[in-house]
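Subject: Structure handover

Hi,

Here is the structure for you to take over. My notes follow below it.

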Amino acid sequence: MRHLMSPLDFTVEELDKLLDLANDIEAHPDKYAHACDGKKLATLFYEPSTRTRLSHEAAMLNLGGSILGFSSADSSSAAKGESVSDTIRMVSCYADICAMRHPKEGAPMVACRHSSIPVINAGDGGHQHPTQTLTDLLTIRSLKGRLGNLTIGLCGDLKFGRTVHSLIHALVRYENVRFVLISPEELRLPSYIRKDVLDKNNIPYKEVINLEEAMPELDLLYMTRVQKERFFNEEDYVRMKDFYILDAAKMSLAKEDMLVLHPLPRVNEISVEVDKDPRAAYFKQVQYGVYVRMALILTLLEIEV
Amino acid sequence: MRHLMSPLDFTVEELDKLLDLANDIEAHPDKYAHACDGKKLATLFYEPSTRTRLSHEAAMLNLGGSILGFSSADSSSAAKGESVSDTIRMVSCYADICAMRHPKEGAPMVACRHSSIPVINAGDGGHQHPTQTLTDLLTIRSLKGRLGNLTIGLCGDLKFGRTVHSLIHALVRYENVRFVLISPEELRLPSYIRKDVLDKNNIPYKEVINLEEAMPELDLLYMTRVQKERFFNEEDYVRMKDFYILDAAKMSLAKEDMLVLHPLPRVNEISVEVDKDPRAAYFKQVQYGVYVRMALILTLLEIEV
Amino acid sequence: MRHLMSPLDFTVEELDKLLDLANDIEAHPDKYAHACDGKKLATLFYEPSTRTRLSHEAAMLNLGGSILGFSSADSSSAAKGESVSDTIRMVSCYADICAMRHPKEGAPMVACRHSSIPVINAGDGGHQHPTQTLTDLLTIRSLKGRLGNLTIGLCGDLKFGRTVHSLIHALVRYENVRFVLISPEELRLPSYIRKDVLDKNNIPYKEVINLEEAMPELDLLYMTRVQKERFFNEEDYVRMKDFYILDAAKMSLAKEDMLVLHPLPRVNEISVEVDKDPRAAYFKQVQYGVYVRMALILTLLEIEV
């Protein structure tokens, strides 16, 4: 039985197959409308994440399956002191597959060791958020036609941004990828990723402070939210949160076919005037997130259509 | 694409068609049991309202569709600072139709401007609650056989009661309608409704303080809850909340075919001894609320059976 | 119409039939996969209980039905002052059957008096938790082959443990049942159960303080959690909570075919090293809980397959 703990759980070949399946679902949704009839997805969200929860639920419903679960720890047995390993053994009796979101790093890993159903890591603290990375990869491959030969700008909070770290891990496996790391000094990409991932794989990158300067060379700009909860104090947050705001003026410096991605929710790091720009792909990304999760559920349940 | 923001979004003719459909659903539920197979309703409740949420969900399930969503703002992305317009763009990827409840007036209107799926306003602050009005109209038409030629008593909190305001707006479009406005001085119907709606449409009405006096002439008595949260101070609430309590003694003064309606939940404004009176229609109203929401979902999704 | 308020609502014969049905469901799940097509279960949880809620929901989904409801009182109309009797009349319009969990004893009984759909008591305060007892009985009968001729050890909090009290009530109806009551002095089985249930039915029992001493003679050991919320002060809780911890050493004293049951969630009263012991039946119990609730839903809805 297979789980999804990290985006690297899939080889490049397996990933290609998964993304192919997602594209086939996009093209022929009716073909998959009953693929999971009688199957149940449990969403075990120990912290709220409406977007991620609803995306998994929509995916299962699109496949004809059913959903059950909890959306915050308050309403879970965790409040009574139950361990994750006991909870997953219980849930294994209630569902055929589950998606777990947990504030503690490694909790889904503990779960999958005691589970008799596939476990999807739907985010564990600052650690991993693999279905977001799958979403990003499907969006890029669908809209750019490739995952290699790209100059990718990563902008905003590169220090704590888990989606950025995961995306780097995933993209270094493709040919001819370059990164432009755009962040304030205080939120630079950690050295354990620069050294152990980028340098080790001989991936060219540069670090810049100015978003405008970076724009012209990018094939892809991945914006991230500056999350208040990552900061140690209010003052730092206020000083930096508006540092990198993407607006129409900055977009005018970019290539005509550059894509803007964002894991969402955004607060104000992308001006709403950019929404109408055909290069804005962040809402399309949401739809790709459903397709890739449908493909993931089918793959983990080993259902072929 | 069509949304439901206000009960007046439908013309009288469209409304007749919707209520006809609701009555057909009531008569032949099996005919509609698979009308929404494969469709998803998202309930986006930024404040809890169990009754309204479950009524929409039951409606969708009765039509063979599925449900997903959130039941309070705590578990939504709003807590992360996401705008309603971004949330609805996300939800448009997850569902085929949505019902939104929001504490802020106008939020569903903002949503429908950015939505690619039909939006049902399931209550926005003190502003509108159109599905309650549709429920009231279906109940009256089904049990009285007509929406015109009625003397309607509105009792309780006429100042803040959003359901009362909406019902007045909806009923003034019918022939020969009279209102008896029964409330304490402090909770009178606002002048912008008396003048701009009743007077402007030449609708006869009178204002009375004594519920007993009004009883004999009514074809319909619409009771409302005195909502604690509408008061500025505890003292005013305590003084007034029991002012208008409907009991068996008062019911004995009414016509034999008078109907009692109430949007529910009630606290103590209708004595439980009235529940067994055949003229008590407030629990039937709940059932009509499901039928009319089924008709609404079919209408907005443009599904014909 | 029939409700489930107490495990004693069913005669021994009816119970046999229910457990037979549950075993048939276990053996032939596909036969029942569409038994509740088009039916809806409402879960009305006025206090959170993820395990019990999900078990009912999984049961209904396994039967092809749908689920709706609320998982805590915060999101219910109760917050607006609505009575249980009004809520159940509302829910009767939204669902075909409901499971109610309530912190107040007797609330489900009030509900069933005003309900037009079957009500399952899913736990009311310290009073009853009949579906747990049905689960226990199905587990014992399935794994031991009988409900009589058993020496049953009940260990832990026998004073406040509602599941223990219900199980005693249910088991005294079978032939040749003996109890060993294992608890600290402060948490002894209340005299109203010792006298009015055990003595009155001439059921042999003994009370012991030492779990090790009791082990060799038991056919069944029912462990319970020492619930912090039952204690009057922190000190008492801390002193006693680890008093009776089942571990491999104690298991070595037991019969080879003794069963260990636990209503779950456990905190630390059963050491995780016991989980791998083939006599540990507490996770199988979770699965039996789904089967017996499927049988219960079918029985209360009078659906024959």
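This is a predicted model: local features need pLDDT of at least 70, side-chain atom pairs count only at pLDDT 80 or more; totals for chains, interfaces and linings use all residues.

Residues are numbered from 1 along each chain as its sequence is written, and chains are lettered from A and ligands numbered from 1 in the order in which they are written.

B:Leu221 sits in strand 8 (residues 220-223) of chain B. Strands (E, at least two residues) and helices (H or I, at least four) are DSSP runs, numbered from the N terminus. B:Leu221 counts as buried because its relative accessibility is 0%; buried means under 20% relative accessible area, exposed over 50%, partly exposed in between (1.4 Å probe, protein chains only). Its C-alpha atom is 7.2 Å from that of B:Cys155, 66 residues apart along the chain.

Now chain C. Five strands form an open sheet there, in the order 7-6-5-8-9, with parallel pairing. Strand 7 (205-208) and strand 9 (259-261) of chain C are the edges, each pairing on one side only. Two strands pair if DSSP finds at least two bridges between them. Strand 5 (residues 150-155) and strand 8 (residues 220-223) of chain C pair in the parallel sense over four bridges. C:Ile152 stands opposite C:Leu220 in strand 8 of chain C.

Best wishes

Terms used: Side-chain values use heavy atoms; hydrogens and water are left out.
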